[in-house]
Amino acid sequence: MSNIVAIVGRPNVGKSTLFNRLTETRKAIVDDFSGVTRDRHYGVAEWTHHSFTIVDTGGYVANSEDVFEAAIREQVVIAIEEATVILFMVDVTTGITDLDDEIAALLRRSKKPVQVVVNKVDNTMQQSDATVFYSLGLGEIYNISSMTGSGTGELLDEMVKHFDEEPTEENTLPKFAIVGRPNVGKSSIINAFIGKDRNIVTPIAGTTRDSIHIHYNQYGHDFMLIDTAGLRKKTKVKENIEFYSVMRTIKALEEADVVILMIDAVEGIESQDINIFHLAEKNKKGIMVVVNKWDLIEKNNKTTKVFEEQIREKIRPFTDVPIVFTSVTEKQRVLKVIEVAEKVYANRAKKIPTSRLNDTMLPIIESFPPPSIKGKYVKIKYVTQIKGTSPMFAFFCNLPQYIKEPYQRFIENKLRENFDFTGVPVQIFFRQK
């Protein structure tokens with residue numbers, strides 16, 4: 001299982017700022033109004049060779065007053081259930097509020113490691129103010145300033161001690177995870193594969209209870225399916241269904257070799273789908289897109305082409321992914337999904353002999369060398385594939401620092417044209433010869 005770190009706390013204590021610092025982005029919107037975090041609630045971060053997924057729970061709160069605090073409490077419960085470590089954020093400038101007390105009470109009852117993160121500690125005076133948070137009864141406190149980053153090092157050092165060690169791979173079967181927003185037909189497609197209703201399927205979003213591993217072995221195909229429809233019973237707070245499904249999806253995605261992203265033909269691809277797509281890409285998983293409920297779309301001879309173009313436009317720059325149009329209820333192209341997933345799995349494991357790589361790529365590079373910078377010419381002498389779970393290539397040259405992004409993309413496209421890496425993120429490194 002991957003390590004998931006959840007940042008919990010009431011609004012406006014600086015959860016998004018810490019999230020941005022850890023994921024090194026400015027992607028979450030940071031503002032002085034409470035409840036502005038609306039998008040980009042999870043990212044991948046790394047500390048001392050441990051990589052982990054970080055979830056900013058701030059983005060999952062309804063902003064109506066009555067639901068607001070209930071939503072925060074509920075998220076804390078979900079985080080306790082799903083996360084490896086919980087960072088409980090409080091604000092030194094306001095001291096302990098009633099909501100902080102309530103969250104602390106929930107966390108004290110849990111068995112999960114909790115770290116109390118006291119934010120906005122910018123001077124010695126505030127350091128002594130921060131000691132009041134020991135009274136929450138959650139052990140050590142960590143004073144930080146998420147704006148300047150002071151104190152985050154000690155916090156992270158302590159945090160990674162709680163991580164699970166990477167488990168050894170005992171199951172060598174390919175793992176395919178079926179992910180997507182609630183109600184796109186994830187359970188139905190699994191039932192269609194297996195030919196029996198092993199998941200309860202109802203038209204209400206969010207009826208699957210847990211993420212399920214299913215061994216599929218028929219028609220000459222043999223692999224594990226991970227069904228992430230992992231939603232508990234419908235909760236009182238609607239917004240948290242999404243939060244829950246995201247936590248589950250992240251777990252399944254980290255385990256999988258190939259991510260089958262299902263989208264609803266009627267609704268099209270939405271921002272949460274795109275987030276999941278990029279998260280899979282960042283984690284170097286094989287990816288394919290399945291457009292379900294295709295029977296509900298009015299078609300002419302151009303419909304699929306137009307639809308495909310729209311999807312590729314939204315998932316740029318990584319657009320070399322297979323898209324399959326299905327209708328699970330009509331049993332259309334369901335087995336094609338398995339065939340394509342296996343093809344993507346094979347592409348991800350593909351090893352290309354060095355001699356073939358050089359014979360193909362060096363002439364292309366000679367005809368289209370990298371542009372010279374300040375009169376310096378980059379000469380690429382040699383290419384080889386590096387060992388790894390997904391395709392990685394090293395290009396050895398005299399001045400790797402002068403190779404810019406557009407040329408790197410050009411090289412990637414040529415690799416894809418010649419060796420077929422459809423559905424797989426390819427990494428390219430330029431190294432000093």
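## Report on the predicted model

E81 has a relative accessibility of 38% and therefore counts as partly exposed; the class lies between buried, under 20% relative accessible area, and exposed, over 50%, with a 1.4 Å probe and protein chains only. The model is a predicted one, in which local features need pLDDT of at least 70 and side-chain atom pairs count only at pLDDT 80 or more, while totals for chains, interfaces and linings use all residues. Residues are numbered from 1 along each chain as its sequence is written, and side-chain values use heavy atoms, leaving out hydrogens and water.

E81 belongs to helix 2 (residues 65–82); helices (H or I, at least four residues) and strands (E, at least two) are DSSP runs numbered from the N terminus. Its C-alpha atom is separated by 9.6 Å from that of K111, 30 residues apart along the chain.

**Interior**

The largest nonpolar core contains 60 residues. Such a core is a set of buried Ala, Val, Leu, Ile, Met, Phe, Trp, Tyr and Cys residues joined through side-chain atoms within 4.5 Å. Among the residues with the most contacts inside this core are F88, V116 and I311. Leaving aside residues up to four places away in sequence, V116 touches F88, V90, F133, L136, L138, E140, I141 and Y142, contact meaning heavy atoms within 4.5 Å. Another core, of 26 residues, lies apart from the largest one and includes M262, V328, V334 and I338.

Helix 1 (residues 15–23) is largely enclosed by the rest of the structure, because eight of its nine residues are buried. The buried residues are K15, S16, T17, L18, F19, N20, L22 and T23. Their cover includes strand 1 (4–8), strand 2 (42–47), strand 3 (50–56), strand 4 (85–91) and helix 5 (152–160).

**Aromatic rings**

Twelve aromatic pairs are found in a search of the whole structure. Rings of Phe, Tyr and Trp (its six-membered ring) pair if their centres lie within 6.5 Å; planes under 30 degrees apart count as stacked, over 60 as edge-to-face and the rest as tilted. Two of the pairs are set out below.

| Pair | Centre to centre | Angle of planes | Class |
|---|---|---|---|
| F277 and F318 | 5.9 Å | 35° | tilted |
| F368 and F410 | 5.7 Å | 65° | edge-to-face |

F277 lies in helix 8 (residues 271–282) and F318 in the loop between helix 9 (303–314) and strand 12 (323–325), so this pair ties together parts 41 residues apart in sequence. Both F277 and F318 are buried. F368, in the loop between helix 11 (354–367) and strand 13 (380–386), pairs with F410 of helix 12 (residues 405–419), so the parts tied together are 42 residues apart in sequence. F368 is partly exposed at 49% relative accessibility, and F410 is partly exposed at 22%. One aromatic cluster is formed by F176, F223 and Y345.

**A pocket**

The second largest pocket holds about 790 Å³ of space. Its lining consists of 25 residues, of which E281, K284, P317, F318 and E412 lie nearest its centre. On a 1 Å grid over the protein atoms alone, a pocket is an open set of points where a 1.4 Å probe fits, with protein on both sides within 12 Å along at least five of seven lines, and lining residues have an atom within 4 Å of a point. Grid points are joined across faces, edges and corners, and a volume is the space filled by probe spheres set on the points. Helix 8, helix 12 and strand 15 (427–432) each give two or more residues to this lining. The largest share, six residues, comes from helix 12.
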